[in-house]
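Subject: Structure for you to look at

Hello,

Here is the structure I said I would pass on. Please open it first, then read the notes below.

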Amino acid sequence: MTTPSSGRGAWGSRLGFVLAAAGSAIGLGNVWRFPTMAGKSGGAAFVLIYLLCVLFIGLPVLLAELTVGRRTQKNPVGAFERLAPETGWRWVGALGVLTGVVILSYYSVVAGWTIGYIVETLSGTFNNIQSPDAVTRAFTGLIGNPVVALALHALFMALTMFVVLGGVQGGIERWTKILMPVLFLILILLVIRSVTLDGAEKGLSFYLKPDFSQVTGTTFLNAMGQAFFSLSLGMGAMITYGSYLSRRDDLVSSAVWVSLADTLIAVLAGFAIFPALFTIPGLEPTEGAGLVFLVLPNIFDKIPGGLFFGAGFFLLLAIAALTSSISLLEVVVAYFIDEKGWTRRRAVIVLGSVAFLLGVPSALGNGAVAALSRLPVVNQSFLDFMDMLFGNFSLTIGALLLSLFVGWRWGTGRALEEIRLSNPETWFGRLWALLIRFLCPLAIGAILVNLILETI
Ligand code: PHE
């Protein structure tokens, strides 16, 4: 059992924490964003770079965030303030809080589409698909309808607020326990069907045979940004979750399990999507944000009982998204509770509403409002643009600053003291200290510099 420093809440058990942290990590990032990014960035080469980023950068940064959280028992801003009082470091925490609101704003829009898909599947829209165009029409009809898109966005945001209102144990922990394993099982079923389709080889080779000639600076940024996004890093979500841990909870194995589970789900999602994708005429891997929504109904249609599994899958995906979105909102809420003295209720209502409003242009920018569907200059939809700025850049910069902070300002010596309270074993700790001091900042810095050089 945990002993929190104040009445702000704590996890009921360590398993509860690992599941909640895995619940934060596993979400749309794995099933929606990972295949989208892999498809846009050339397939296997991206996947390989992604896996390296998770192992050598993501995992150390995850352990660093959990350590800072457990040490300070604070939200990101409060945590930096406690470890480096009255310095500019608190702004790194503030950037994280801002990033949390913005990511939540468009995350909720995409999660709304999954809810819409539960209804579409159950009502038979995807039964006996005659031509893949039918799926495309259903999808663009759904996301392009302003009333539907906004209503689904509002519904998902309301669900998120409802769970976060319940507080750490009552709300967040309970949800994750049973549902993640079921999502995993349906995903396995999808993979089996997808790789046994006629013509699956093409997709498998796209996904597994790296072609490095297509790799650019953007590929690296996308892979690293995706690693941070998927593991919920770079904005203090894991600082906040770690802050509800007690000194006895094992940090290292928690970090390892969370990364493993998260990566497994993402890789499986790729195996479900790409083989099927190449068997569907008219669909390209570079499709973008709609990719999984256009591919998945076609696979379910070829599975006996597809209606049932399809609806179940989208339901579980919506729940997986919920266990992630609550961690986004929780960061912001914890900040206003700890630092501004707000009640949980007030923080949830005000900040959930702000995130909803910020998400309105993302909800309308998929056909409903032309100007938002393709922004001038950047040539992207509002949603894609926000995702690039906050989901890729902001998280990457946040993770860079966090590794500099833990490696050089707070110091790995002090961080290791904290880690050793629960993990006396040291080789991993020493390796971690090297990675967080040298490899993480250098690699992240190099990728950013390379990208800047490439664009100017
Ligand atoms: N990791 C979550 C997902 O993959 C998204 C997320 C990002 C959650 C950042 C919290 C913080 O869906």
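Four helices each supply at least two residues of the shell around the ligand: α1 (14-25), α2 (28-40), α10 (217-230) and α14 (306-340). Please keep in mind that this is a predicted model.

The shell has 15 residues, and A25, G29, Y107, F229 and S232 come nearest to the ligand. By class, seven of the shell residues are nonpolar and eight are polar, with no charged ones.

A polar backbone atom of G29 is 2.8 Å from an oxygen atom of the ligand. For F229, a backbone N or O atom lies 2.8 Å from a nitrogen atom of the ligand. For S24, a backbone N or O atom is 3.2 Å from a nitrogen atom of the ligand. The ligand taken alone exposes 320 Å², and the protein buries 100% of that.

Next, the cavities. There are two of 30 Å³ or more. The ligand takes up the space of the largest cavity, which has a volume of about 140 Å³. Its lining is made of 16 residues, with S24, F229, S232, S324 and L328 nearest the centre. α1, α5 (90-122), α10 and α14 give two or more residues each to that lining. It has ten nonpolar, six polar and no charged residues.

The second largest cavity has a volume of about 50 Å³. Among the residues lining it are E65, P76, F80 and L402. α4 (76-83) and α17 (382-420) each supply at least two lining residues there. By class, that lining has six nonpolar, three polar and one charged residue.

Regards

Definitions and conventions: Residues numbered from 1 in each chain as written. Predicted model: local features only at pLDDT ≥ 70, side-chain atom pairs only at ≥ 80, totals over all residues. Heavy atoms only, no water. Near = heavy atom within 4 Å. Polar contact = N/O pair within 3.5 Å; in protein donor to acceptor, adjacent residues only side chain to side chain. Areas by Shrake-Rupley, 256 points an atom, 1.4 Å probe, with all protein chains shown as cover. 1 Å grid on protein atoms, 1.4 Å probe; cavity = no way out; pocket = protein on both sides within 12 Å on 5 of 7 lines; lining within 4 Å. Sits in = over half its atoms within 2 Å of the grid points. Nonpolar A, V, L, I, M, F, W, Y, C, P; charged D, E, K, R; others polar. Points joined across faces, edges and corners; volume = space filled by probe spheres on them.
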